Amino acid sequence: MTIVEKTILSHQNPVTGLFANNPDDFPGHGWVRDNLYAVQALWAMYRTYRKTAELDEDLARANELGFSCIKIMQSLLECMMRQVDKVELFKKHQRQEDSLHSKYSVLTKGTVVDDRSWGHLQIDATSLFLLTLAQMTASGLQVIRNFDEVAFVQNLVYCIEVGYRIPDFGVWERGDKTNQGICELNASSIGMAKAALQAINDVGDLFSDGSKGSVIHVLPDEVQQCSAVLNSMLPRESFSKETDAALLGIISYPAFAVEDAEIVALTRETIVDTLLGRYGCRRFLRDGYKTALEDSNRLYYINAELQKFENIECEWPVFLCYLMIDACFNNDQESADEYWDKLQEIIIIDKKNPKYECCGLVPELYRVTIDKVELERADHGSQERIPAGVTPFLWAQSLYIVCSLLHHRFLTPSEIDPLSRRLALREARPPCEVQVVILAETLDVKMELVENEMDVQLLSEVDPVFCIQPASSFARILARIGACEKLNLSGRPLDRDIGLLSTSKLYHLGDKFVVFTPQFMDRLRSHLMYDIRILMDEWTSELHYIYNAWNSTGLSGRPIVVLVVSKNMLQSDETTLQTSVLNRRQKSTVLGTIKKIKNGYIGGARVVMKNISDFFRTTSVSKLEFHDGNLEDLFMSESLPRSLLQDGATTSDAGGPRSAGLKRADSVRDRWSRQFNAVHRASMRHRSIVLDSNDQDLQQLRLAYSKKSIRNDLSRVPEGGPEPPSSMKMQNAIRLSEHLHTSNSSASVCSDSSTGRFDRNQMEGMSEEDLVDMLGETTVLDEQASIIHFLWMKIGPDFDTKLNNVSGVTVRVLMEEIYVKACESRDWSWVRLTAGLLGKQLDELAKAVTHLLVRQKQITVGMPSKNEEAITCPKTKEELGDIFRRSYPKDPNSFTLAQEIIVSLGSLVRTDPRLFVEMFRLRIGLIIQILASELSRIRQLSATEASQRLLAISPFEVKCMLFSLLSGRLLEDSASNEETVGKELHTGIGSFRKQIEERKSMRKSVAGGTLSQKDFDDLCDSDEALLDDFQFGIWLRHRRIDGALNRVPPEFYSNLWDTVRLFPHGLAISRMILQRHLTQEMTRREIKFALEVEQVLNNISEPEYRELIVEVLTLMGHLEHLIMAPPKIPTDQPFEVDIVLYRANKLFVEHNKRLGTIVLECCGSGKPCDGARSICKHFYDTAPAGEFGTTHYIIKALMDIFGPNE
């Protein structure tokens, strides 16, 4: 107790109870983090005295320590509550200036610096407060005193629950390691936020009296998001820090935030191997803080000077405390003793200061003196260091006290972890089966399901004790939880999503049990939900997500999911493309999905299907109780809204197939033949994706296998066409759907005549009255849409048509109606065009962008290498809308299609992150082009036809194509069988060799007499087909796909870092220079370096050329193994990497000329072929490995360039 009083309590203010630890530099400043670790030392002493008290004096000392802990926590809470207005703002906007301060006045509990003068945004500090509050409450200490404080704590939870997507300044308060005030997404902050959410959820009520009104509500989906992002980042800390010693507090005490033993071991091993020294751990590599070479007069570093801090970084003893506590929790006594011995060697005994007599003091850090800097840099760990900074350092001293208690057996690890968070690592539970309830919306739906042997209940037949509500009702409930009128606090923001895990529980409200339907079944989110196969795919993926994630969140009981089947889901649907990939009728899709659920397995998840009352005893239940009354007024008057598809219906057969036969009077094609054909052709010219008409290479990428001519004069939407997006919801559009009478929908992809050139004079000569008359006479959706689109382009969206003698019927209103009806009829080309013209933004877009970004996958939108704009941090819906309007100002189709692709990528990265390995930046423009290129190759289409066909396929088919490309497959057409899924051919040399070897094996069987002559003939035919399919075009396509996806080999960036260091003036790649000084600013595995490389490579517009450059750079990383003598490195200018590729191409052509191969038909005969950047197309189409592979020629080129002169 003496050491606690002299080293901890002596720094405490007697009035506020707060601690100040740096009287020289920051007098009167109390850091939240330091105070919380001081509390943990006092709390550990309190637990010790409570356990070992034999005398009244010991018990009194325990009570004194307990009251001290409570006072400190209440003082910190008061400091934060004085900034309650910031909590309300930060909860909604997550802005730096709205964050709680990281330090307060020890004397007044007020602020000590203003919002912009310090790196206050530290998610981990607020999270550590909540974690400490939960652990202390669980041990029996009551910190929270009233419901106002409960509401404030609930709002703190709302602030940190999205910590997985909030870049902050991190533990060290400086953000990016260059100290330039750049916030980063930090693994230590995310891990502490996850731990706090789990702990505050596990502790139950904060009053410790069983009162549900003091329970803090945490959504399990936010915990799972933090977990997924944290696991994807470790052992890395952030973009600028490849690892950080602060992660020790995340993988072990106090957070215990990681349940995966392999990730924990990897992170610990990385920190020990990379950062551990004689005196403690370096915080991170090239940390210049308080080193002898740091300029104390300058806060920020110059990027190039970071390298001078290498190997001389200060070492912090506090991390020896973390390592020792971690060893104690792991029952590793040998390691614990080793770290204890190291601590004893570096603690300071200050005999001259009577205040600290006989007390071991832990300094802030140890540093190398200026005279030993060069010796230490040459041999890290060889020189003696001196203590620097504050002594004792409150954070380190507090943990040292905990270490002492553990070492001398006064305390066991479990006693400083009453919530047993440490056990999650050792007691991983297997996946839990998902309970599924299928409900029929109408009696007709129920009867049809019964006919297919699926016994389900109607919504009206559910037991009255169960109340079924949409997720939007739950959002309104959460908006009331945490609200406090006295503090001017609201509840959870309504614009935040309600996750699937949160709606997979029963909620006890009063005398009812409420179950909420999943959010994707809840509202008119976007046109994607009109694609039933997308909806069914979401059913499958979300059930699989629940199956895998449920137990990792620590929830008790089993999950329950209620799915409602509407009539429109069971109506047949003809896709626009009869021979398209994965063509299915939606009725069979819905019935097939329900059958899989009934059989017990779907998408790899174990499920069980029964009525809701049958699951009551096994389902997870949470009680919602509020001290300020009930929430019955928040429930909707009807139990569920009308189904998604039914709401959008404006005709009796909405959503079903339109009648194939038209009355002659319904169409205007005959009576207005000349005029309508002109209108239709003008509309069709704008119903394709805009390509860069000046970039021939992009045209070749797209139409490499096209047999038809390429049109280079693709039209664009005229100036003033696309307007800023309207905030009008689809419900409003439905209410306006009364001006057009539509009886039939015809295909949007028309005959070749529709793509003919349009006479501009003819278009301008048509009057508005004629166009409106023409519109009033037709009931065909495609004709109506073409006319309205023509009016939009010719006159503008605000022109009042006065259709049916009604004022206010503008072109925009009619376009909204066309959008709704196109969604109902699932005419995807019109859906995408109208959505783009109206500037509609998918509700899922912001969430999908966040899913990608927090997993370190950046996005670019727009035309490749022309007007691309990068999205590098999470954005609001409004910010994303502005970015898309800037990127696609005259291309409404790409405006919509790009959003669909991002949503699909966001879904795939969440369910199958392995698809995105070694990909840091996703270029949506190139992905669109590669999709069009594949359609062009498969269908033998021209540019306009391929783009129109891409726009006409369903969102589900787009997602399937994306999945195939990401997983390394190529799609092949299966036009002969409509029910057959398109063949997926694995690209890559492994798949090609495998199929060749299979045929060799079969030939051996023929030799052995096991095959008949007919079988042998069939085998020979298949060999010829194999050569056609694989030898011609396979590697060109493979390189184009990988180049478009920006995929690189494993360890590519770290090996390239080594390569760049060899060249004094860097590497020149396609006229862009990768400077050597980047290796001075950034470490080998730093993601910032990888992004710099991507920025250079992304200036190459031809994906296949980019991929060959990647192959060259990969081989340049092995120069020392390829060339026995020292390589000839240029010392006067950057080395041009492109020269290697052109040299290799020349060697390839010369070699093949001698062999008399197909190269003689192009480059071998002196006639350059159409390969990108004058590289032979057959070189692009050559496999990397083998005697005649690209690697062979690149190595020879490297030897010629870098080898010694003969």
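## A guided look at this predicted model

Helix H14 (residues 394–407) has 14 residues and spans 20 Å from its first C-alpha to its last, close to the 20 Å expected at 1.5 Å a residue. Keep in mind as you browse that this is a predicted model. The protein chain averages a pLDDT of 81, and 80% of the residues score at least 70.

**Helix H14 and what follows**

- H14 is mostly covered, with 13 of its 14 residues buried.
- Just after H14 comes arginine 409, which takes a positive phi of about 65°.

**A buried serine in a loop**

- Serine 504 sits in the loop between helix H16 (471–478) and strand E12 (506–509).
- Is serine 504 buried or exposed? With a relative accessible area of 1%, serine 504 is buried, since the cut-off for that label is under 20%.
- Leaving aside neighbours within four places in sequence, serine 504 is in contact with Ile546, Trp550, Arg558, Pro559, Ile560 and Val561.

**Helix H29 and its surroundings**

- Within helix H29 (residues 877–887), the residues Leu880, Gly881, Ile883, Phe884 and Ser887 are buried.
- Looking down the axis of H29, you will find its buried residues within an arc of 165°, so they line one face of the helix.
- Those buried residues of H29 pack against helix H28 (845–853), strand E18 (858–861), strand E19 (869–871) and helix H30 (892–911).

**A sheet of 3 strands**

- E18 and E19 turn up again here: 3 strands form an open sheet in the order E19-E18-E20, with mixed pairing.
- E19 and strand E20 (921–923) stand at the edges with a single partner strand each, so one side of each has no neighbour in the sheet.
- On average, neighbouring strands of this sheet are turned by 25° against each other, direction ignored.
- E18 and E20 run parallel and are joined by 3 bridges.
- Which residue in E20 is the bridge partner of glutamine 858? The partner is arginine 921.
- Helix H31 (residues 924–939) packs on the sheet, where it touches E18 and E20, and its direction makes about 50° with that of E20.

**Where to read with care**

- Over residues 692–737, pLDDT stays under 50, and the model has 118 contacts beyond four places in sequence for this stretch.
- Over residues 744–763, pLDDT also stays under 50, and here the model has 50 contacts beyond four places in sequence.
- Where pLDDT is low, the predicted coordinates should not be read in detail.

Technical notes
Residues are numbered from 1 along each chain as its sequence is written. This is a predicted model: local features need pLDDT of at least 70, side-chain atom pairs count only at pLDDT 80 or more; totals for chains, interfaces and linings use all residues. Side-chain values use heavy atoms; hydrogens and water are left out. Buried means under 20% relative accessible area, exposed over 50%, partly exposed in between (1.4 Å probe, protein chains only). Helices (H or I, at least four residues) and strands (E, at least two) are DSSP runs, numbered from the N terminus. The arc is that of the directions from the helix axis to the C-beta atoms. Contact means heavy atoms within 4.5 Å. pLDDT is the predictor's confidence in each residue, from 0 to 100. Two strands pair if DSSP finds at least two bridges between them. Axes are lines fitted to C-alpha atoms, for helices over the stretch in contact, and angles run from 0 to 180 degrees between N-to-C directions. The expected span of a helix is 1.5 Å times one less than its number of residues.
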